[in-house]
Amino acid sequence: DSLVSHIIYRVPKNNHDAMLQLCNEAYNILKQHGILHYDIFKLSNNNVPMDGFDNIANTVSANQDEEVWIESIYYKDRQHMKEVMSKMEKDERMGKSMKQSMALLPSGAKFIMGEFERLRF
């Protein structure tokens, strides 16, 4: 089984490079604490070709001067995630990185986070 933590947020386009650098630093810290894998994506298309669907940019209220990013952090299972998070909470570098990341978000914006378990069919 596996568990994936997804973090979705808006980044002002003029903060793209600074946020990317912070994500790289966070990845290196996460890797040291034992995550399985880390991905980061930027929303590349605001078109939605089908009725009944909406673009995620609308859901997170992104404007034309912002990018929508999603980070995916992979763990073996919930226990593994708890172990990694416990190490992260004690790591001063992560606290500093988090404060810097928050400062790069648009005013009043938050990180949207959820944990997802793989479904088998």
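Modeller: First, a term: contact means heavy atoms within 4.5 Å. This is a predicted model, where local features need pLDDT of at least 70, side-chain atom pairs count only at pLDDT 80 or more, and totals for chains, interfaces and linings use all residues. Residues are numbered from 1 along each chain as its sequence is written, and side-chain values use heavy atoms, with hydrogens and water left out.

Biologist: How many residues of β3 are buried?

Modeller: Buried means under 20% relative accessible area, exposed over 50%, partly exposed in between (1.4 Å probe, protein chains only). β3 is largely enclosed by the rest of the structure, because the buried ones number eight of the ten.

Biologist: Which residue of β3 stands opposite Phe41?

Modeller: Strands pair if DSSP finds at least two bridges between them. β3 pairs antiparallel with β1 over ten bridges, where Val11 faces Glu67. β2 (residues 37-42) also pairs antiparallel with β3, over six bridges. There, opposite Phe41, stands Ile70.

Biologist: How far apart are the end C-alpha atoms of α3?

Modeller: α3 has twelve residues, at 1.5 Å a residue. The expected span is 1.5 Å times one less than the number of residues. That gives 16 Å, and the model agrees, because the end C-alpha atoms are apart by 16 Å.

Biologist: What arc do the buried residues of α3 cover?

Modeller: The buried residues are His80, Met81, Val84 and Met88. They sit on the same side of α3, because their arc (of the directions from the helix axis to the C-beta atoms) is only 100°.

Biologist: Which backbone nitrogen does Asp77 reach at the start of α3?

Modeller: This is a polar contact: N or O atoms within 3.5 Å; within protein, one able to donate a hydrogen and the other to accept it, with residues adjacent in sequence counted only if both atoms are side-chain atoms. A side-chain oxygen of Asp77 comes to within 3.3 Å of the backbone nitrogen of Gln79.

Biologist: Which elements cover the buried residues of α4?

Modeller: The buried set is Met94, Ser97, Ser101 and Leu104. Their arc is only 80°, which puts them on the same side of α4. Glu92, Lys96, Lys99 and Ala103 are exposed on the other side. The cover over the buried set includes β1, α1 and α3.

Biologist: Is Ser97 buried or exposed?

Modeller: Ser97 belongs to α4. Not counting residues up to four places away in sequence, Ser97 touches Leu22 and Ala26. Its relative accessibility is 5%, so Ser97 counts as buried.

Biologist: How far apart in space are Met113 and Tyr9, C-alpha to C-alpha?

Modeller: Met113 lies in β4 and is exposed, with a relative accessible area of 52%. Leaving aside neighbours within four places, Met113 contacts Ser5, His6 and Ile7. Met113 and Tyr9 are 104 residues apart in sequence, yet C-alpha to C-alpha they are apart by 8.9 Å.

How values were computed. Helix = DSSP H or I, 4+ residues; strand = E, 2+ residues; numbered from the N terminus.
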